[in-house]
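The structure comes first, then the points by topic.

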Amino acid sequence: MVDFQELAIQEALRSALGGRALFWHDSNTNRFPNMKFVLDEAARQIRSPFSVYWVEGSPPEAFCLPGFSPSPVVLSTRYLLLSAFLRNLWMEEREIEILVDVTERTALQVIAEMALHHGDREFAVFAFVKSVIRNTGIGLVNWLSHAGLDRTLSDAPVTEASIAVSFYGLLHELGHLHSEQMRQHPEGHFLSDPVMLDDIMENLNKLPWLDSVKKHEAIEKAKQGPSVLATSRLRSESIADVFAANVLFKTSFEIIQTINQQRFDLQKFIREIVILPEIVHFIDTCRRTASAASMETTKAARDVLLESAVYPLAISYRASIQRNSVASMIATYLADVSPISNKYESIQKLFDKISEHYSKATEAVDRGLAEAIKFCLVAEGRENHWTLVDVFRKELRDFKTGLLEAQRFCKMADELGVEGELLQALMGVMHDPRKPLGADPISDLMYYVPWLHGPNGPICPFGLDTKYGHVVFGFHTEKLYDALFQRSAEMVKAGFKIEKTVLYHRRNALPGSIQVENMPDEQSVGLIVEGSEVFSRYMKELADNTIWENNS
Amino acid sequence: MEQADKIIVVQGTRQAMEAIRKTIDAQRGGESVLTERKDIDGDTAAWILVANLTAQAIPHVLSFIKAYVAMRHVKKIKVGDLQIENPTEQDLEIFRKRIRSIAAKKK
């Protein structure tokens, strides 16, 4: 008989990951080389039972369920691949503008995946399409296609970098199970509430983008939570960060120097400790943005925005605690193997040098991320959802990478059991990009337009040659259309006819230039639409018979 | 002793999950586990309650959950193979009826 705890873990994971997610318990801890070695060290330090679960095919996930014993620690393949990819943004010295564009697209895709699982599904499709279309930015690089990347991670040579990317997320999660999490920190300790609050206040005052009201609000949240700045949370995260760095240092050193008989490179290790918190920051900001973009109320979205505004402070606070702790740990360790004095200061200088080296890449990544956030949270001036899917449809005809990415996204949606109108539309355009997109049930405006048909089918919209040129009218009301065109329909030559055609006007399409949705060859036509001032004027002139060239 | 035979999974706010758990634990033969889902950035994305209940206890528990559903404190609920996201009070009523009818058929 299955034990209730075991069954409950399976059910909780299914609830957290979505009904069709594929996950498994890694009982052999052999996903990566040296995994057992790293996890044994982690287990020795935390002294609390845990079990590792892997998830395939879901959005980036890294979480634990501390209510169970052993506690499940969950990591998705996507999270690891994304971490590896993001790390490369810092490593591959790309041109800044390319880096900004690639980061923006990556962020949009991650936001899309997270919204698909935890937020607004329609928005998820919108963000995904924005991430892949080629009509803006530098164009899609085959950056997040991850076929083979998993294997690359598993087969990569054992280095400071491969160990860090493979295990940092997992070790951080395990850090939440560490007994240090339960400890009361004495007065004056850097992790005690009063010291932390003083530090937070001092740093908050340095943030130029927060006014005094928001600063006050942030301080209140730091005191009482829930917030990224809440002392209890910052403490818990800092302990997990320090734990991850500590185990990573010890095991990397042992694996590289003792087991593999190679030289452990301290600079390379510190480089990873500088970049990894940035990656955590990136993925988390994407999750917050997906959540804010899916919020139903402006208050909830505002709260998320305030949290996002103070989040860099929380990250830099955590990074500084982690850095000091790592510097101290390495200095102590080196004291046993080398008699150099001032080790702590030397290591801090090394941190400064490495941070400075990657500062341009960090700035570019922040810019790309900011662009993605702007697209998601500022509706003003951005494209309509359906317009964007239609742009993608046209690109798909010669855009294999886009198609592959869309297939992967739709597969993920299917595994999460997600359905929706925009998702259906996306699947439709993937199936046949030549087929025009149907109407957007929420935003599209529908017009009746006269269309001239010949013996071989539709020819063109039926218009009038006026003193303003060739004019085609679009009507909201069928009655007005009928009143005007019923007679015209009877007057055309034998073999020809005028038929009432329905056109959909995307709200964000160019004014007056409407894509014909239900014609095979995608003609564009300038329409004078009912409801506009021009339409009223032309109609009046039509009634007065003054619209024609020779009457002017 | 009555054997618990239905797994119920509820996801929502901490306050709601703790209250629902108390009710579940008061049922004869019921057992439960409550956990937070702690993300890498420290956010508690959700509280997940998994419980094992007798079929007879489920309608009562669902009635109790209804109040939290009305306050939108419940994000997901799963009873046996039936699952609803962002449930409404009406959804819960449908749930109750279906579970009652399944129980009646079993008799």
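Two residues are in contact if their C-beta atoms, placed from the backbone, lie within 7 Å. Helices (H or I, at least four residues) and strands (E, at least two) are DSSP runs, numbered from the N terminus. This is a predicted model, in which local features need pLDDT of at least 70 and side-chain atom pairs count only at pLDDT 80 or more, while totals for chains, interfaces and linings use all residues. Residues are numbered from 1 along each chain as its sequence is written, and chains are lettered from A and ligands numbered from 1 in the order in which they are written.

- Strand 3 of chain A and strand 2 (residues 31–39) of chain B run antiparallel and are joined by 2 bridges.
- Cys64(A) has Lys38(B), in strand 2 of chain B, as its bridge partner.
- Strand 4 (residues 74–79) of chain B and strand 5 of chain B also run antiparallel, with 4 bridges between them.
- Opposite Lys78(B) stands Gln83(B), in strand 5 of chain B.

**Contact between the chains**

- Chain A gives 25 residues to the contact and chain B gives 21 residues.
- On the side of chain A that touches chain B, at least two residues each come from helix 1 (4–17), strand 3, helix 7, helix 10 (231–259) and helix 11 (266–293) of chain A.
- Helix 1 of chain A supplies the largest share of that side, 8 residues.
- The side of chain A that touches chain B has 12 nonpolar, 8 polar and 5 charged residues. Ala, Val, Leu, Ile, Met, Phe, Trp, Tyr, Cys and Pro count as nonpolar, Asp, Glu, Lys and Arg as charged, and the others, Gly among them, as polar.

- Axes are lines fitted to C-alpha atoms, for helices over the stretch in contact, and angles run from 0 to 180 degrees between N-to-C directions.
- Leu170(A) is in helix 7 of chain A and is buried, with 28 other C-beta atoms within 10 Å. A residue is buried if 20 or more other C-beta atoms lie within 10 Å of its own, exposed if 12 or fewer, and partly exposed in between, with C-beta atoms placed from the backbone.
- Not counting residues up to four places away in sequence, Leu170(A) touches Val52(A), Val73(A) and Leu75(A).
- Leu170(A) and Phe63(A) lie 107 residues apart in sequence, but 8.6 Å apart in space, C-alpha to C-alpha.

**Helix pairs in chain A**

- Helix 3 (residues 77–91) of chain A packs against helix 7 (residues 160–175) of chain A at about 130°, with the axes 10 Å apart. That angle makes helix 3 of chain A oblique to helix 7 of chain A; angles under 35 degrees count as roughly parallel, over 145 as roughly antiparallel, 65 to 115 as roughly perpendicular and the rest as oblique.
- The crossing of helix 3 of chain A and helix 7 of chain A is right-handed. A crossing is left-handed if the near helix is turned anticlockwise from the far one by less than a right angle, and right-handed if clockwise.
- Tyr79(A), Leu80(A), Ser83(A), Ala84(A) and Arg87(A) of helix 3 of chain A meet Val165(A), Ser166(A) and Gly169(A) of helix 7 of chain A. By class, the residues of this contact are 4 nonpolar, 3 polar and 1 charged.
- The axes of helix 5 (residues 121–132) of chain A and helix 15 (residues 385–395) of chain A come within 9 Å and cross at roughly 40°.

**Backbone features**

- A cis peptide bond, with omega near 0°, links Ser69(A) to Pro70(A); Pro70(A) is in the loop between strand 3 and strand 4 of chain A.
- Gln261(A), in the loop between helix 10 and helix 11 of chain A, has phi near 55°, a positive value in a residue other than glycine. Gln261(A) is exposed, with 7 other C-beta atoms within 10 Å.
- Arg72(B), in the loop between helix 2 (58–70) and strand 4 of chain B, has a positive phi near 60°. With 14 C-beta neighbours inside 10 Å, Arg72(B) counts as partly exposed.

Note on methods. Pairing = 2+ DSSP bridges.
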